[in-house]
Structures are given as structure tokens and as C-alpha cells.
Amino acid sequence: MHLILHDLPVLHWAWAGAAIAAVTLVLLFVANRRLGVSTGFEEICSYVLHQPYFRRDIVRTGREWRLPFLAGLALGGFVSAIAGGGWAATWDLGMLDKALGLAPIGKIAWMFGAGLFIGFGTRLAGGCTSGHGIFGLSNLEWPSLVSTIAFMGGGILTTQLLYRVVFHLGTAP
Amino acid sequence: MTIFYLLLGTFFGFVLSRSGAADYDFIQGMFLFQRFQLYGIIGTAVALTAPGLWLLKRYGQTLGGKPLDVAPKPRHRGNLLGGVLFGIGWSLAGMCPGPILVNIGEGKLYAFAALAGALTGAGVFGAIYPRLQRPFKLPAIAIGTGQG
């Protein structure tokens with residue numbers, strides 16, 4: 001199976017996992033920072049929202065390093081596209097296109113709704129796949145185990161329900 | 001240091017882009033138990049980060065000689081419910097937070113809508129934090145739910 005991006009073959013999972021471990025450890029050893037992406041959402045919000053939650057000291061100190069790191073993530077995707085055959089804007093959504101065939105406006109609504117769950121959920125949980133799933137689990141932290149089981153469970157249930165039940169409602173005998 | 005964070009993020013983003021972690025179909029394949037790829041990636045990352053962290057904590061300091069700061073995150077009821085909500089969002093979007101940014105870089109236009117939703121969700125969360133504190137037993141506002 002290949003990527004949606006230029007139908008490229010994927011890196012072997014062992015190399016990808018090792019690279020992510022290296023990023024996590026280098027970030028801690030060099031800069032004394034815990035890997036974590038989702039806190040960046042509230043740090044971006046802190047530039048325009050002024051409730052007490054967004055004026056906390058950890059928001060001000062966190063955004064100084066995390067926002068360049070997040071900009072790097074986007075740049076990494078850009079470099080990957082360029083190196084893999086050229087950058088091009090696309091609406092390609094793989095399996096969801098085959099199942100639903102949403103128009104761009106439908107995809108915007110679908111993704112905005114999904115984003116609400118991601119933004120609210122990760123901040124309520126206190127972390128996402130990187131902060132809980134990689135760093136927290138590796139640091140043997142109980143809340144991270146609880147959250148990781150919860151988001152894997154939530155994801156498995158939702159995808160199973162969508163692709164094994166909902167998308168077949170119209171075609172089932 | 002800004003350049004260091006930017007470059008490390010770029011490397012991380014490239015790996016996420018090429019590994020399937022920022023690919024809608026690979027995420028669904030993971031949740032459908034049809035693709036091992038993402039389980040292999042997360043499992044390998046944890047299996048290698050855990051002993052690395054243990055060694056770094058034994059060494060006890062950063063490259064610059066500062067005491068290592070690995071304070072654990074607070075435990076609260078949000079860990080469970082927030083996790084479930086995030087899992088639903090991860091499944092629907094086929095992206096977790098890092099890959100939202102990676103997909104924007106790749107040129108997948110719908111990822112901008114996911115980012116807009118995530119910022120709105122995080123903004124609402126922060127705005128109503130005082131009202132969520134009691135039902136979810138969340139820590140004091142200065143601490144928050146956990147950085148990550």
C-alpha cells in the first residue's frame with residue numbers, strides 16, 4: 001500500500017519509529033523539552049484570546065520553542081512533497097473519497113468538525129499521540145497510559161463504525 | 001535555538017509524511033486492524049524512547065549541563081474523556097495534531113479546515129476551563145491538564 005502523496009512507498013515502520021525516538025530524545029537532551037504537539041494549539045490561540053487560561057506563564061514560555069517546532073512540521077511536509085515529485089495543492093482523501101465522495105465544501109465541514117474533537121479532546125486529555133503516546137508512555141506515566149488507551153479505543157470504535165457499518169447502510173441487503 | 005527547533009520539526013515532519021502517519025488511508029488501516037504500519041511505528045518509538053529516557057534520567061542533565069526536566073503530567077478525569085474525544089477526531093480526520101501541520105505542508109487543502117477546527121476546539125477549552133475544573137477534577141489553572 002502506498003501514500004496518498006504521489007503514491008509514494010512508505011518508510012519501513014522500524015526506521016520511522018527509530019527516527020521519532022531520536023527526535024524525542026534529542027529534543028530532551030539538547031533543549032530540555034518534552035515532545036508534545038497539541039499544546040501548540042492553545043499557544044497559537046494565546047495570541048488572540050485573552051482569558052486567564054491563555055495568559056499563563058507556561059503558555060508564554062512554551063510557545064517560544066513549540067511554534068518554531070510546529071512550523072518545522074509543516075515545512076517537513078512541504079519538503080517531502082517537493083522531494084517526492086513536486087508540490088501541488090490537492091483535495092485527495094483516499095478511502096473517504098471512495099466511500100463518500102464529498103465535494104471540497106463537504107470536506108471542509110467534515111475536517112472542521114473532526115478538528116473540534118481533536119483540539120478540545122487533546123487539551124482536555126493533556127496531550128496527544130506525541131505527548132502521551134510517545135513521551136508519556138516511554139516515561140511510564142499513568143495518565144498517558146489511560147489517555148493512549150482512550151484515544152486508540154475512540155479511534156478504533158469510530159473507524160470500525162464508519163467503515164464496517166455506516167458506509168454500508170445504503171448497500172446492505 | 002529557534003533554528004534548532006525548526007530543523008528538528010522539519011525532520012520530524014518529513015518522517016511523519018513518508019511513514020504513513022500523516023496519511024488518511026494508513027490511519028484508517030490502523031483502526032481497521034488492516035495495516036500494521038502505525039502500530040509498528042508507535043511501538044518502535046516507545047520501545048526505543050523508554051530506555052533512552054531511562055539513561056538520560058540516570059545521567060540527569062542536558063547537553064548544556066542543566067538538570068533534566070521530566071516532571072510527569074498531572075492525573076485527572078480529563079485523561080480518559082479527552083482521550084476518547086481526541087480518538088474520534090483522529091479517526092474522522094485521519095490526522096493527529098502533528099500530521100495536521102504536515103498535511104498542510106504537503107498541500108492537502110482540507111488540513112487547513114482541520115487546523116481551524118483544532119484551534120477553535122482548543123480555544124473553547126481554554127475559555128471554559130474554570131467551568132470544567134470541578135466536574136473533571138482538573139488541576140489549578142497555572143498547571144493545566146498537562147503540556148504535550
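Guide: What follows is a description of that helix pair, then of the chains around it.

The model is predicted. For the complex, the predictor gives an ipTM of 0.97 and a pTM of 0.96. Chain B has an average pLDDT of 97, and 100% of its residues score at least 70.

The pair consists of helix H1 of chain A, residues 13-31, and H3(B); the latter covers residues 37-59 of chain B. Their axes lie 7 Å apart, and the two helices pack at an angle of about 35°. The crossing of H1(A) with H3(B) is right-handed. On the side of H1(A), the residues that make the contact include Trp13(A), Ala14(A), Gly17(A), Ile20(A), Thr24(A), Leu28(A) and Phe29(A). On the side of H3(B), they include Gln37(B), Gly40(B), Ile41(B), Thr44(B), Leu48(B), Gly52(B) and Leu56(B). Sorted by class, this contact has 13 nonpolar and eight polar residues, with no charged residues.

Is Val10(A) buried or exposed? Val10(A) has 20 other C-beta atoms within 10 Å, and it therefore counts as buried. Leaving out residues up to four places away in sequence, Val10(A) touches Leu3(A) of its own chain and Arg18(B), Ser19(B), Gly20(B) and Gln37(B) of chain B. Gln37(B) also belongs to the contact between H1(A) and H3(B). Within chain A, Val10(A) and Ala99(A) are 89 residues apart in sequence, while their C-alpha atoms are 23 Å apart in space.

In the whole contact, chain A takes part with 115 residues and chain B with 102 residues. Several helices of chain B each supply at least two residues to the side that touches chain A, among them H1 (2-19), H2 (24-31), H3 (37-59) and H6. By class, that side of chain B has 56 nonpolar, 36 polar and 10 charged residues.

H6 of chain B, residues 110-127, is also where Ala111(B) is found. Ala111(B) is classed as buried because it has 26 C-beta neighbours inside 10 Å. Apart from neighbours within four places in sequence, Ala111(B) is in contact with Met95(B), Ile100(B), Asn103(B) and Ile104(B). Between Ala111(B) and Gly89(B) there are 13 Å in space, C-alpha to C-alpha, and the two are 22 residues apart in sequence.

Chain A has seven helices and zero strands, and its pattern along the sequence is α-α-α-α-α-α-α. Its C-alpha atoms fill a box of roughly 55 × 35 × 35 Å along the principal axes. Of the 173 residues in chain A, 53% are buried. Among contacts in chain A with a separation of 6 or more, 49% join residues 24 or more positions apart.

Another helix of chain A, H5, runs over residues 104-125 and has 22 residues. From its first C-alpha to its last, H5(A) reaches 31 Å, close to the expected 32 Å. H5(A) is mostly covered, with 16 of its 22 residues buried. Gly126(A) follows H5(A) and has a positive phi, near 80°.

Technical notes:
Residues are numbered from 1 along each chain as its sequence is written. Chains are lettered from A and ligands numbered from 1 in the order in which they are written. This is a predicted model: local features need pLDDT of at least 70, side-chain atom pairs count only at pLDDT 80 or more; totals for chains, interfaces and linings use all residues. Helices (H or I, at least four residues) and strands (E, at least two) are DSSP runs, numbered from the N terminus. The expected span of a helix is 1.5 Å times one less than its number of residues. A residue is buried if 20 or more other C-beta atoms lie within 10 Å of its own, exposed if 12 or fewer, and partly exposed in between; C-beta atoms are placed from the backbone. Two residues are in contact if their C-beta atoms, placed from the backbone, lie within 7 Å. Ala, Val, Leu, Ile, Met, Phe, Trp, Tyr, Cys and Pro count as nonpolar, Asp, Glu, Lys and Arg as charged, and the others, Gly among them, as polar. pLDDT is the predictor's confidence in each residue, from 0 to 100. Axes are lines fitted to C-alpha atoms, for helices over the stretch in contact, and angles run from 0 to 180 degrees between N-to-C directions. A crossing is left-handed if the near helix is turned anticlockwise from the far one by less than a right angle, and right-handed if clockwise.
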